[in-house]
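Please look through the structure below, together with its sequence, before reading on.

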Amino acid sequence: MRGEKHERACCCALNMMFGYRPRTALAIIEHLGSAAAFFDLPSGDAAIITERLAGRPSREAFLDKALQELEITGKKGYHFIGITDECYPFLLRQCPDAPVGLYIRSASSPEKLFRRTRHLAVVGTRNMTRYGKEWCGILMEHLGKAGDPPAIVSGLAAGVDAEAHRGALENGMPTIAVMATGIDRIYPCMNEYLAGKIEAHPESALISDYPMGTIPKPYNFIRRNRIIAGLSDATVIIESKSRGGSLITARQAFSYDRDVFALPGRVDDACSCGCNALIKEKTASPVLSPSDISENLCLGIPDESTSVPGQENPAADIPATGTENSLTHAILSAIRSEQGITADSISEKTGYPYKTIAANIAMLEAYGIITTDIMQRCFINRHRKNL
(Lines give C-alpha, C1' and ligand atoms only; values in the text may rest on other atoms or scores of the structure.)
Protein backbone atom coordinates (compact mmCIF):
# COMPACT_ATOMS: atom_id res chain seq x y z
CA MET A 1 0.00 0.00 0.00
CA ARG A 2 1.64 3.23 -1.21
CA GLY A 3 0.56 6.60 -2.52
CA GLU A 4 -2.26 8.72 -1.13
CA LYS A 5 -3.81 5.95 0.96
CA HIS A 6 -0.49 5.16 2.59
CA GLU A 7 0.18 8.84 3.30
CA ARG A 8 -3.29 9.17 4.82
CA ALA A 9 -2.73 6.15 7.03
CA CYS A 10 0.60 7.60 8.16
CA CYS A 11 -1.13 10.90 9.02
CA CYS A 12 -3.68 8.94 11.01
CA ALA A 13 -0.89 7.12 12.86
CA LEU A 14 0.94 10.39 13.61
CA ASN A 15 -2.33 11.86 14.83
CA MET A 16 -2.64 8.97 17.28
CA MET A 17 0.96 9.32 18.41
CA PHE A 18 1.10 13.10 18.76
CA GLY A 19 -2.56 14.15 18.84
CA TYR A 20 -2.07 16.12 22.02
CA ARG A 21 1.17 17.58 20.62
CA PRO A 22 0.14 18.65 17.12
CA ARG A 23 3.09 20.99 16.73
CA THR A 24 5.42 18.00 17.10
CA ALA A 25 3.62 16.06 14.39
CA LEU A 26 3.59 19.08 12.10
CA ALA A 27 7.32 19.64 12.68
CA ILE A 28 8.03 16.02 11.70
CA ILE A 29 6.05 16.35 8.47
CA GLU A 30 7.59 19.72 7.62
CA HIS A 31 11.12 18.45 8.26
CA LEU A 32 10.73 15.15 6.40
CA GLY A 33 8.34 16.32 3.68
CA SER A 34 5.52 13.87 4.40
CA ALA A 35 3.99 11.70 7.10
CA ALA A 36 5.04 8.56 5.22
CA ALA A 37 8.69 9.65 5.32
CA PHE A 38 8.64 9.30 9.10
CA PHE A 39 7.60 5.66 8.84
CA ASP A 40 10.32 5.07 6.24
CA LEU A 41 13.07 6.27 8.57
CA PRO A 42 15.57 3.71 9.85
CA SER A 43 14.28 2.30 13.11
CA GLY A 44 17.14 3.84 15.09
CA ASP A 45 16.37 7.39 13.88
CA ALA A 46 12.64 6.97 14.43
CA ALA A 47 13.18 5.54 17.90
CA ILE A 48 15.03 8.68 18.95
CA ILE A 49 12.00 10.78 18.05
CA THR A 50 9.33 8.48 19.45
CA GLU A 51 11.10 7.70 22.69
CA ARG A 52 11.91 11.32 23.38
CA LEU A 53 8.58 12.82 22.38
CA ALA A 54 5.95 10.14 22.72
CA GLY A 55 7.54 7.54 24.93
CA ARG A 56 6.25 4.85 22.58
CA PRO A 57 8.96 3.53 20.26
CA SER A 58 6.87 1.21 18.07
CA ARG A 59 5.86 3.00 14.88
CA GLU A 60 4.58 -0.23 13.44
CA ALA A 61 2.02 -0.66 16.22
CA PHE A 62 0.60 2.80 15.57
CA LEU A 63 0.52 2.29 11.82
CA ASP A 64 -1.27 -1.05 12.24
CA LYS A 65 -3.76 0.59 14.57
CA ALA A 66 -4.28 3.42 12.08
CA LEU A 67 -4.98 0.95 9.27
CA GLN A 68 -7.57 -0.79 11.42
CA GLU A 69 -9.10 2.56 12.34
CA LEU A 70 -9.39 3.66 8.72
CA GLU A 71 -10.99 0.35 7.78
CA ILE A 72 -13.65 0.77 10.46
CA THR A 73 -14.13 4.42 9.52
CA GLY A 74 -14.71 3.46 5.89
CA LYS A 75 -17.20 0.72 6.76
CA LYS A 76 -19.25 3.21 8.76
CA GLY A 77 -19.30 5.61 5.82
CA TYR A 78 -17.02 8.12 7.55
CA HIS A 79 -13.85 9.71 6.16
CA PHE A 80 -10.39 10.62 7.36
CA ILE A 81 -8.20 13.23 5.71
CA GLY A 82 -4.60 14.09 6.52
CA ILE A 83 -3.02 17.52 6.51
CA THR A 84 -1.13 16.60 3.34
CA ASP A 85 -4.41 15.88 1.47
CA GLU A 86 -5.43 18.55 -1.04
CA CYS A 87 -8.95 18.68 0.42
CA TYR A 88 -7.70 19.52 3.92
CA PRO A 89 -9.21 22.93 4.86
CA PHE A 90 -6.89 25.70 3.71
CA LEU A 91 -7.38 28.10 6.63
CA LEU A 92 -6.87 25.39 9.24
CA ARG A 93 -3.66 24.29 7.56
CA GLN A 94 -2.20 27.75 8.19
CA CYS A 95 -2.46 27.34 11.98
CA PRO A 96 0.73 26.39 13.88
CA ASP A 97 -1.16 23.79 15.93
CA ALA A 98 -3.43 22.37 13.22
CA PRO A 99 -4.42 18.72 13.67
CA VAL A 100 -2.52 16.26 11.48
CA GLY A 101 -5.79 14.64 10.51
CA LEU A 102 -9.56 15.06 10.67
CA TYR A 103 -12.29 12.45 10.99
CA ILE A 104 -15.38 13.44 9.01
CA ARG A 105 -18.99 12.31 9.24
CA SER A 106 -20.92 13.81 6.35
CA ALA A 107 -23.17 13.11 3.39
CA SER A 108 -20.78 15.19 1.28
CA SER A 109 -17.31 14.11 0.22
CA PRO A 110 -14.31 15.84 1.84
CA GLU A 111 -13.53 17.39 -1.56
CA LYS A 112 -16.88 19.23 -1.51
CA LEU A 113 -17.02 19.90 2.19
CA PHE A 114 -14.45 22.66 2.63
CA ARG A 115 -14.62 24.34 -0.77
CA ARG A 116 -16.95 27.14 0.41
CA THR A 117 -15.20 30.48 0.31
CA ARG A 118 -16.26 31.74 3.75
CA HIS A 119 -16.56 30.07 7.15
CA LEU A 120 -17.90 31.83 10.24
CA ALA A 121 -17.57 30.50 13.78
CA VAL A 122 -20.54 31.28 16.05
CA VAL A 123 -20.06 30.22 19.67
CA GLY A 124 -21.11 31.17 23.17
CA THR A 125 -22.46 30.11 26.52
CA ARG A 126 -24.47 26.96 27.16
CA ASN A 127 -26.88 29.04 29.28
CA MET A 128 -27.95 31.53 26.65
CA THR A 129 -30.59 34.14 27.44
CA ARG A 130 -33.58 35.17 25.39
CA TYR A 131 -31.54 38.14 24.17
CA GLY A 132 -28.76 35.86 22.92
CA LYS A 133 -31.19 33.47 21.26
CA GLU A 134 -32.99 36.30 19.51
CA TRP A 135 -29.80 37.86 18.17
CA CYS A 136 -28.40 34.51 17.09
CA GLY A 137 -31.59 33.99 15.07
CA ILE A 138 -31.38 37.47 13.55
CA LEU A 139 -27.77 36.88 12.53
CA MET A 140 -28.50 33.49 10.96
CA GLU A 141 -31.47 34.86 9.03
CA HIS A 142 -29.38 37.76 7.76
CA LEU A 143 -26.47 35.58 6.66
CA GLY A 144 -28.79 33.09 4.98
CA LYS A 145 -29.87 35.83 2.55
CA ALA A 146 -26.32 36.42 1.32
CA GLY A 147 -25.34 36.01 -2.28
CA ASP A 148 -22.59 33.71 -0.99
CA PRO A 149 -23.76 32.44 2.43
CA PRO A 150 -20.97 31.25 4.75
CA ALA A 151 -20.68 27.87 6.38
CA ILE A 152 -21.40 28.20 10.10
CA VAL A 153 -18.85 26.52 12.38
CA SER A 154 -19.59 25.69 16.00
CA GLY A 155 -19.08 23.04 18.67
CA LEU A 156 -22.40 21.12 18.95
CA ALA A 157 -22.68 22.10 22.63
CA ALA A 158 -25.98 23.07 24.23
CA GLY A 159 -26.95 26.72 24.11
CA VAL A 160 -25.45 29.07 21.53
CA ASP A 161 -23.64 26.31 19.60
CA ALA A 162 -26.79 24.28 19.00
CA GLU A 163 -28.78 27.43 18.21
CA ALA A 164 -26.18 28.46 15.62
CA HIS A 165 -26.24 25.02 13.95
CA ARG A 166 -30.05 24.98 13.88
CA GLY A 167 -30.21 28.54 12.58
CA ALA A 168 -27.78 27.70 9.79
CA LEU A 169 -29.82 24.69 8.66
CA GLU A 170 -33.14 26.57 8.88
CA ASN A 171 -31.74 29.34 6.68
CA GLY A 172 -30.20 27.04 4.07
CA MET A 173 -26.58 27.37 5.13
CA PRO A 174 -24.14 24.49 5.63
CA THR A 175 -22.78 24.00 9.12
CA ILE A 176 -19.78 22.20 10.58
CA ALA A 177 -19.84 20.81 14.11
CA VAL A 178 -16.40 20.35 15.65
CA MET A 179 -16.66 17.63 18.27
CA ALA A 180 -14.67 17.00 21.44
CA THR A 181 -15.24 13.25 21.09
CA GLY A 182 -14.79 10.63 18.40
CA ILE A 183 -17.22 11.19 15.52
CA ASP A 184 -19.00 7.97 16.50
CA ARG A 185 -20.01 9.45 19.88
CA ILE A 186 -22.46 12.34 19.99
CA TYR A 187 -22.16 14.62 23.01
CA PRO A 188 -24.34 15.88 24.54
CA CYS A 189 -26.79 13.11 23.73
CA MET A 190 -29.63 15.65 23.65
CA ASN A 191 -28.15 16.86 20.35
CA GLU A 192 -28.26 13.49 18.57
CA TYR A 193 -31.18 14.55 16.38
CA LEU A 194 -29.43 17.82 15.49
CA ALA A 195 -26.22 15.91 14.71
CA GLY A 196 -28.18 13.69 12.32
CA LYS A 197 -29.60 16.74 10.54
CA ILE A 198 -26.11 18.22 10.21
CA GLU A 199 -24.67 14.98 8.83
CA ALA A 200 -27.40 14.75 6.19
CA HIS A 201 -27.27 18.39 5.05
CA PRO A 202 -25.19 19.12 1.91
CA GLU A 203 -21.69 20.46 2.64
CA SER A 204 -22.28 20.04 6.38
CA ALA A 205 -20.42 17.69 8.69
CA LEU A 206 -19.46 16.46 12.11
CA ILE A 207 -15.67 16.56 12.40
CA SER A 208 -13.07 15.71 15.03
CA ASP A 209 -9.36 15.11 15.36
CA TYR A 210 -9.97 12.53 18.09
CA PRO A 211 -9.83 8.82 17.23
CA MET A 212 -13.03 6.80 17.10
CA GLY A 213 -14.41 5.91 20.49
CA THR A 214 -12.93 8.94 22.30
CA ILE A 215 -15.18 9.89 25.20
CA PRO A 216 -15.83 13.49 26.36
CA LYS A 217 -13.16 14.83 28.70
CA PRO A 218 -12.84 18.45 29.90
CA TYR A 219 -9.47 19.00 28.22
CA ASN A 220 -10.79 17.75 24.89
CA PHE A 221 -13.26 20.63 24.71
CA ILE A 222 -10.52 23.20 25.24
CA ARG A 223 -8.34 21.63 22.53
CA ARG A 224 -11.11 21.36 19.96
CA ASN A 225 -11.75 25.11 20.20
CA ARG A 226 -8.59 25.79 18.20
CA ILE A 227 -10.15 23.89 15.28
CA ILE A 228 -13.33 25.99 15.44
CA ALA A 229 -11.22 29.16 15.33
CA GLY A 230 -8.78 27.79 12.77
CA LEU A 231 -11.46 26.73 10.28
CA SER A 232 -13.08 30.15 10.26
CA ASP A 233 -12.45 33.49 8.58
CA ALA A 234 -14.04 35.20 11.58
CA THR A 235 -15.49 34.28 14.98
CA VAL A 236 -18.59 35.69 16.65
CA ILE A 237 -19.25 35.32 20.38
CA ILE A 238 -22.99 35.63 21.03
CA GLU A 239 -22.93 35.46 24.83
CA SER A 240 -20.25 34.43 27.31
CA LYS A 241 -19.68 34.54 31.02
CA SER A 242 -16.42 35.86 32.43
CA ARG A 243 -14.84 32.45 31.96
CA GLY A 244 -15.62 29.81 29.38
CA GLY A 245 -14.67 27.93 26.26
CA SER A 246 -15.99 30.61 23.92
CA LEU A 247 -13.47 33.10 25.31
CA ILE A 248 -10.71 30.58 24.60
CA THR A 249 -12.02 30.26 21.04
CA ALA A 250 -12.10 34.05 20.64
CA ARG A 251 -8.54 34.52 21.86
CA GLN A 252 -7.35 31.60 19.76
CA ALA A 253 -8.92 33.18 16.67
CA PHE A 254 -7.29 36.49 17.58
CA SER A 255 -3.91 34.75 17.84
CA TYR A 256 -4.45 33.38 14.32
CA ASP A 257 -4.98 36.96 13.12
CA ARG A 258 -8.65 36.29 12.35
CA ASP A 259 -11.42 38.82 12.97
CA VAL A 260 -13.34 38.43 16.22
CA PHE A 261 -16.76 39.92 17.03
CA ALA A 262 -18.78 39.90 20.24
CA LEU A 263 -22.40 40.79 20.94
CA PRO A 264 -22.34 43.49 23.64
CA GLY A 265 -24.75 43.26 26.54
CA ARG A 266 -25.69 44.91 29.81
CA VAL A 267 -22.77 45.46 32.14
CA ASP A 268 -24.65 43.70 34.96
CA ASP A 269 -25.59 40.64 32.90
CA ALA A 270 -23.41 37.62 33.76
CA CYS A 271 -23.98 36.12 30.31
CA SER A 272 -22.51 39.21 28.64
CA CYS A 273 -19.49 39.74 30.91
CA GLY A 274 -17.16 37.79 28.62
CA CYS A 275 -18.33 39.58 25.46
CA ASN A 276 -17.99 42.99 27.08
CA ALA A 277 -14.51 42.10 28.32
CA LEU A 278 -13.40 41.03 24.82
CA ILE A 279 -14.64 44.34 23.44
CA LYS A 280 -12.97 46.32 26.23
CA GLU A 281 -9.59 44.64 25.70
CA LYS A 282 -9.97 45.18 21.92
CA THR A 283 -9.80 41.48 21.17
CA ALA A 284 -13.27 41.71 19.60
CA SER A 285 -15.27 44.31 17.73
CA PRO A 286 -18.86 44.88 18.89
CA VAL A 287 -21.72 43.45 16.84
CA LEU A 288 -24.09 46.40 16.54
CA SER A 289 -25.83 45.08 13.44
CA PRO A 290 -25.82 41.79 11.48
CA SER A 291 -24.37 43.76 8.57
CA ASP A 292 -21.18 44.19 10.63
CA ILE A 293 -20.51 40.51 9.97
CA SER A 294 -21.72 40.29 6.38
CA GLU A 295 -19.71 43.34 5.36
CA ASN A 296 -16.59 41.97 7.05
CA LEU A 297 -16.91 38.70 5.12
CA CYS A 298 -17.85 40.54 1.89
CA LEU A 299 -21.07 38.55 1.50
CA GLY A 300 -22.90 41.28 -0.40
CA ILE A 301 -26.01 41.60 1.75
CA PRO A 302 -27.96 44.87 1.46
CA ASP A 303 -28.77 46.51 4.79
CA GLU A 304 -32.50 46.26 4.26
CA SER A 305 -32.33 42.45 4.04
CA THR A 306 -32.29 42.22 7.83
CA SER A 307 -35.36 44.34 8.44
CA VAL A 308 -37.88 42.58 10.65
CA PRO A 309 -41.50 42.31 9.38
CA GLY A 310 -43.48 45.20 10.81
CA GLN A 311 -40.45 47.44 11.24
CA GLU A 312 -39.87 48.64 7.68
CA ASN A 313 -41.35 51.94 8.90
CA PRO A 314 -40.68 52.06 12.64
CA ALA A 315 -42.06 55.58 12.97
CA ALA A 316 -45.52 54.23 12.13
CA ASP A 317 -45.91 53.08 15.74
CA ILE A 318 -45.52 56.60 17.11
CA PRO A 319 -48.76 58.55 17.60
CA ALA A 320 -47.38 61.84 16.33
CA THR A 321 -48.54 64.24 13.63
CA GLY A 322 -47.49 67.46 11.94
CA THR A 323 -44.16 68.89 13.03
CA GLU A 324 -43.47 66.04 15.49
CA ASN A 325 -43.96 63.41 12.80
CA SER A 326 -41.66 65.25 10.39
CA LEU A 327 -39.02 65.55 13.10
CA THR A 328 -39.29 61.83 13.91
CA HIS A 329 -38.78 60.87 10.30
CA ALA A 330 -35.86 63.28 9.98
CA ILE A 331 -34.15 61.69 13.00
CA LEU A 332 -34.74 58.13 11.77
CA SER A 333 -33.54 59.05 8.30
CA ALA A 334 -30.32 60.45 9.77
CA ILE A 335 -29.73 57.29 11.81
CA ARG A 336 -30.46 55.02 8.83
CA SER A 337 -27.88 56.86 6.76
CA GLU A 338 -25.29 56.64 9.53
CA GLN A 339 -25.79 54.00 12.22
CA GLY A 340 -24.02 55.28 15.35
CA ILE A 341 -24.62 58.95 14.61
CA THR A 342 -24.75 61.17 17.72
CA ALA A 343 -27.49 63.57 18.80
CA ASP A 344 -25.15 66.49 18.11
CA SER A 345 -24.58 65.32 14.53
CA ILE A 346 -28.30 64.73 13.99
CA SER A 347 -28.99 68.28 15.16
CA GLU A 348 -26.39 69.62 12.75
CA LYS A 349 -27.66 67.48 9.86
CA THR A 350 -31.39 68.22 10.34
CA GLY A 351 -31.19 71.83 11.53
CA TYR A 352 -33.33 71.17 14.61
CA PRO A 353 -32.11 72.43 18.03
CA TYR A 354 -30.13 69.93 20.09
CA LYS A 355 -32.66 69.96 22.97
CA THR A 356 -35.48 69.10 20.57
CA ILE A 357 -33.46 66.28 19.01
CA ALA A 358 -32.46 64.89 22.42
CA ALA A 359 -36.07 64.88 23.63
CA ASN A 360 -37.28 63.03 20.53
CA ILE A 361 -34.43 60.52 20.73
CA ALA A 362 -35.53 59.74 24.28
CA MET A 363 -39.08 59.19 23.03
CA LEU A 364 -37.93 56.89 20.20
CA GLU A 365 -35.84 54.89 22.65
CA ALA A 366 -38.81 54.59 25.02
CA TYR A 367 -40.87 53.15 22.16
CA GLY A 368 -38.11 50.58 21.53
CA ILE A 369 -37.46 51.89 18.03
CA ILE A 370 -33.88 53.00 18.61
CA THR A 371 -31.20 52.43 21.22
CA THR A 372 -28.40 54.71 22.37
CA ASP A 373 -25.12 53.87 24.05
CA ILE A 374 -23.08 55.72 26.66
CA MET A 375 -21.49 57.79 23.89
CA GLN A 376 -24.98 58.95 22.82
CA ARG A 377 -24.63 57.10 19.53
CA CYS A 378 -27.97 56.11 18.03
CA PHE A 379 -28.93 52.81 16.37
CA ILE A 380 -32.22 51.64 14.87
CA ASN A 381 -33.29 48.39 16.52
CA ARG A 382 -33.29 45.30 14.32
CA HIS A 383 -35.85 43.60 16.57
CA ARG A 384 -38.74 44.39 18.90
CA LYS A 385 -38.60 43.95 22.65
CA ASN A 386 -41.81 41.88 22.69
CA LEU A 387 -40.55 39.23 20.22
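Isoleucine 248 lies in helix α12, which covers residues 245–255; helices here are DSSP runs of H or I with at least four residues, strands are runs of E with at least two, and both are numbered from the N terminus. This is a predicted model, in which local features need pLDDT of at least 70 and side-chain atom pairs count only at pLDDT 80 or more, while totals for chains, interfaces and linings use all residues. Residues are numbered from 1 along each chain as its sequence is written, and side-chain values use heavy atoms, with hydrogens and water left out.

Isoleucine 248 counts as partly exposed because its relative accessibility is 32% (buried means under 20% relative accessible area, exposed over 50%, and partly exposed in between, with a 1.4 Å probe and protein chains only). Together with Tyr20, Tyr219 and Ile222, Ile248 makes a nonpolar surface patch of about 400 Å²; patches are made of residues with over 30% relative accessible area and no salt bridge, where like charges are joined within 9 Å and nonpolar side chains (Val, Leu, Ile, Met, Phe, Trp, Tyr) within 5 Å. A salt bridge, in turn, is a side-chain nitrogen of Lys or Arg within 4 Å of a carboxyl oxygen of Asp or Glu.

The structure holds five aromatic pairs, where rings of Phe, Tyr and Trp (its six-membered ring) pair if their centres lie within 6.5 Å, and planes under 30 degrees apart count as stacked, over 60 as edge-to-face and the rest as tilted. One of them is the tilted pair of tyrosine 20 and tyrosine 210, at 6.3 Å centre to centre with 50° between the planes. Because tyrosine 20 lies in the loop between α1 (3–18) and α2 (22–32), and tyrosine 210 in the loop between β6 (205–208) and α11 (218–231), this pair ties together parts that are 190 residues apart in sequence. Tyrosine 20, at 47% relative accessibility, counts as partly exposed, whereas tyrosine 210, at 3%, counts as buried. With Tyr219, Tyr20 and Tyr210 form one aromatic cluster. The charged end of arginine 223 also sits over the ring of tyrosine 20, 4.7 Å from its centre (CZ of Arg or NZ of Lys must be within 6 Å of the ring centre and within 35 degrees of the ring normal).

In helix α16 (residues 343–350), Ala343, Ile346 and Ser347 are buried. Seen down the axis of α16, its buried residues fall within an arc of 100°, so they line one face of the helix; the arc is that of the directions from the helix axis to the C-beta atoms. Glycine 351, whose phi is positive, near 90°, follows α16.

Key. Accessible areas come from the Shrake-Rupley method with a 1.4 Å probe; for residues, only the protein chains shown count as cover.
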